[in-house]
Amino acid sequence: MTGYIVRRLLLVPLLLLGVTVLIFGMLQFLSPVERSALYVRDVPHTEAALDGIIKRYGLDDPPHIQYWHWLVGRKDSVSGERVGGILRGDLGYSRVGSQPVADLIRQRFPATLELALWSVGPIIVVGVWLGILAAVHHNGWFDQLARVFSIVGWSFPVFVFGLMVLMLFYAKLGWFPPGRMSDWAAGVVFSEGFTRFTGLLTIDGLLNGRLDVSLDVLRHLVLPVITLSYLNWALLLRVTRSSMLETLGQEYVVTARAKGLRESVVVNRHARPNALIPVATLAGFTVIQLLNGVVITETVFNYPGIGSAAATAASQLDVVTVLGFALFNGAILVVTNLGVDVMYAVIDPRVRLA
Amino acid sequence: MRVQRTSIVGLLAVGGLLLSACGAGAGTPIVQTVVGGTPMVVTATPPPAATFKSNDPATLLVAHFGEPETLDPALDYENIGGETLLNIYETLVFYDKESAVEFVPQLATGWQVSQDSLTYTFTIRQGVVFHNGDPMTPEDVAYSFQRGLLQGGTASPQWLLTEPLFGVGIDDISLLVDREGGLYDEPEKLQAADPAALRVACERVKAAVVADTAAGTVTFHLAQAWGPFLATLAQTWGSVMDKKWVTENGGWDGSCDTWAKHYAITSEDDPFTSITNGTGPFRLERWEKGQEQVLVRFDDYWRTEPAWQGGPTGPARLERVVIKKVEEWGTRFAMLQAGDVDLADVNRDVVSQVDPMVGEWCHFDLERNEYAPCEATGDAPLRLSMGAPRSDRADVFFVFSINNPEGGNPLIGSGRLDGNGIPPDFFADLHIRRAFNYCFDWETFITDALQGEAVQSVGIPVEGMIGYEPDGPRYTYDPAKCEQEFRNSTLVSADGKPLWEVGFRMQLAYNVGNSIRQTVAEILAEDISQVNPKFQVEVVGLPWAAFLRAQRARTLPVFITGWIEDVHDPHNWYVPYLVGTYGRRQVIPEAAKAELQALIDAGVTETDPAKRAAIYHDLNQAVYALTPGILLAPPNNRQYEQRWVHGWYFNPLWGDLHYYYYPMYKD
């Protein structure tokens, strides 16, 4: 097991390097004006200004030289200071966000992380449970209902579902508002007496002794979590059901029944662990998707995460910002994938012995 | 026995009352026989009038689709930032409530204009403090204008001040250093210019705006008489900043040795993009970029006398204003329905969704030039104020010389008159420009895109200002004349075939999300292709950044864009349309431009209204003869608000895009 994990860990830097090469390659398709945002804040307005920036920051150097400088930064030929360098945490300047891309991610990611953490539990637990139940009651009324639920959920556009729940639970009933928190809570959170230890306001509220803030933030999470959960349940339910049905048809399960074991023991101890292996993959991708920022959900609910920020940047053609997000998301993907691989090894001994 | 009878009669009376309440409408008289036999008329109690009360009357909640670019009043030149600045900073004079052309004292207590209209002397109000407690002095006033002028840059509104102070055509401070215009928006080149020239430019600025601390005045020395000068000072670029605070926070220190370092600063590098320190009724508590701005009441606000009759005094009634950025219309709509915002941006294409929520209608009386008393029509939660003519408009601009870098501009197809494209000088042909005008259906545009709430423009200026001639020359939708003009075109293909026979293809771009401009493009495309099926106009939507880039690069053959006036004066319309912002991008031929420039210069420097009107009459004739674009129709305003909000009023310069919070309050 240790060897397996070490091997996976050794792959991480190589995968990250691959991501950087891919992103850098995409950067080369941009015009020098767009690429200048890696080093300067303002759009060069004249040809002379653009030529100056190209020379100053080596935007016409050979690609491998540019790549190196993009990784580690370069010396500004005028000021003598080191500028740029993604390994130094400099992802360029976001003209849409009016701040460095790294700062924008730092500002927005905690909201996305919080939404992801509160969503992943309901999505996986409920989705898997529904799928197992549907498989165990194969062709029964629950199974039929679950399949209809799955088709409807899969067919519903996120945008439409989100607006529907917003209209019902917020506009009509006034229960769950959009945004991240109420105005009074924002006044508390942004005051000097409130310390944002984690950036996750449901936790920070408790750590600051403000349960009311935590509950308010939780109230604002309900609708986005419901929207994300419903749409992901549809897929998770189907995959779990299929996997469970296949497992329940295996010979060893038949043998377990023949031995006289109770059905609950057959399902929970023998069938379920094996059925969850493909589900683990899907669950991992669901987590990655959530951490990347769910654009439409964040936009509909005016939730200030990285998804909505990336969407705004894309619509304004702020390509450096978009690619900065892509790089960040790529890193999350690599790391999360590692977690999924380790989880595989834990669930399935055949994997770690291979 | 008598008691029993009385009880029975009484019970019958009560029962009758109850039964009648089920059937009777409000106010229906009911005759009942009660104890003693005396008939009495009982009127059913009418239901109480609906009251509208906010959960938080101390806080005004606004939902805009965007957010400011910067909060530096010397640099900001867009309407969302302008709204915040309007409430945080103040100017020497301010609008007399709804008027865009009459002014009341604000940070000045009064002013005098010399006989020759070249000198304006303002007496500066005493006892005013900035939000950080610093007292405001005449030196702060003079410094604020000097700083703005020297900071300059073509992205800023400073051209509105450099022209009156240094001469018509001087639209940036860099022209005082290099008259040829070689230093426009080139801070590094300007810093490398001759130090003596830099010093001279700075000293000219300081001589143009002079503070006299002893007398308590600030004097402006103009290069020529300037009709709209007071109107120019009333806008946010005339805001007064605290010199000490600005200097401490990295701004210009007032020295002529250092001004060049701050020239053409951008919002990204400007230290005052996100921090403020004004004298206004509100101060900025915080700005969470991408989310919201929060303004809080300034309790030491100086105003003890109302600016206009019935106007507010003292600290604002509202304690807080929260301006949220909510890009998605569905979310803004839900917030309006839930009562979680008091004011929200409502696009024209969704008014049919919002109108059912209106329970109180306020119509503008054009004859009296004011709003009539509002009519309540039910219990719906919103109030709609509509019908006032706005001072902004979207129009169509032809590009006389389209950029076609290496023949690869997809918007003009092949780049030749071969049926599959248009040549770069397509719109240099007057017949083509006239044809496009005759092919535009204004009635359909006004009905479909503006809900019938607009009137076709006549000439560039808007209604109510000098230069507007309701009976002036204008185009009308006339497919027959459109066809005639296309046939009269002198353009021919390489093999000598006329335009009508060869046909053409081009793309007409609008910025995605703007339904009005999309409708304009679609109407034009449809009407032109109906005249001749060989004329193909394709409508394409571009993201705003790409649209703006293409416009500036002159690759768009036609651009549809809007103008919100800076000052209510025809000069602020003619300049950008003909020789400034848009005129430059159209590449209007030099000869025509020279003729227009001469008339524009004559008009703005003339102080006699009748003579000015005569000059603008000639200018209107020249514009009609040139036909550089298609003038559309300024929409009337539509202002939606929750019925517990009060105090909003309409000023044409703000329309329904800007809110001045000081007089506003909530139930």
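Residues are numbered from 1 along each chain as its sequence is written, and chains are lettered from A in the order in which they are written. Because the model is predicted, local features need pLDDT of at least 70 and side-chain atom pairs count only at pLDDT 80 or more, while totals for chains, interfaces and linings use all residues.

**Exercise 1. Work out the strand order of the open four-stranded sheet in chain B, and find what packs on that sheet.**

Step 1. Take strands as DSSP runs of E with at least two residues and helices as runs of H or I with at least four, numbered from the N terminus. Two strands pair if DSSP finds at least two bridges between them.

Step 2. At the edges are β6 (108-113) and β8 (209-212) of chain B, each pairing on one side only. From one strand to the next, the twist averages 20 degrees.

Step 3. Now look at one pair: β8(B) and β9 (residues 217-221) of chain B run antiparallel and are joined by four bridges. Within this pair, V210(B) has T219(B) as its bridge partner.

**Exercise 2. Describe the largest nonpolar core and the surroundings of Y661(B).**

Step 1. A nonpolar core is a set of buried Ala, Val, Leu, Ile, Met, Phe, Trp, Tyr and Cys residues joined through C-beta atoms within 7 Å. Buried means that 20 or more other C-beta atoms lie within 10 Å of the residue's own, with C-beta atoms placed from the backbone.

Step 2. The largest core holds 222 residues, and among those with the most contacts inside it are V62(B), L524(B) and Y661(B). Helix α10 (residues 211-248) of chain A gives the most to this core, 14 residues.

Step 3. Leaving out residues up to four places away in sequence, Y661(B) touches L60(B), N87(B), F282(B), A316(B), L318(B) and V321(B). Contact here means C-beta atoms, placed from the backbone, within 7 Å.

Step 4. A second, separate core of 22 residues includes L27(A), Y93(A), L104(A) and F325(A).

**Exercise 3. Characterise how the two domains of chain A meet.**

Step 1. An automatic or database assignment sets the domain bounds, giving domain 1 (2-94) and domain 2 (99-353) of chain A. Their C-alpha centres are 33 Å apart.

Step 2. Each domain of chain A puts 22 residues into the contact. On the domain 1 side, α1 (2-27) and β3 (93-94) of chain A each supply at least two residues, and α1(A) has the largest share with eleven.

Step 3. Sort that side by class: 15 nonpolar, four polar and three charged. Ala, Val, Leu, Ile, Met, Phe, Trp, Tyr, Cys and Pro count as nonpolar, Asp, Glu, Lys and Arg as charged, and the others, Gly among them, as polar.

**Exercise 4. Which helix gives the most to the side of chain A that touches chain B?**

Step 1. The contact takes 29 residues from chain A and 25 from chain B.

Step 2. Helices supplying at least two residues each on the chain A side include α3 (47-56) and α7 (158-172) of chain A. With five residues, α7(A) gives the most.

Technical notes
Axes fitted to C-alpha atoms, helices over the stretch in contact; angles between N-to-C directions. Buried ≥ 20, exposed ≤ 12 C-beta atoms within 10 Å, placed from the backbone.
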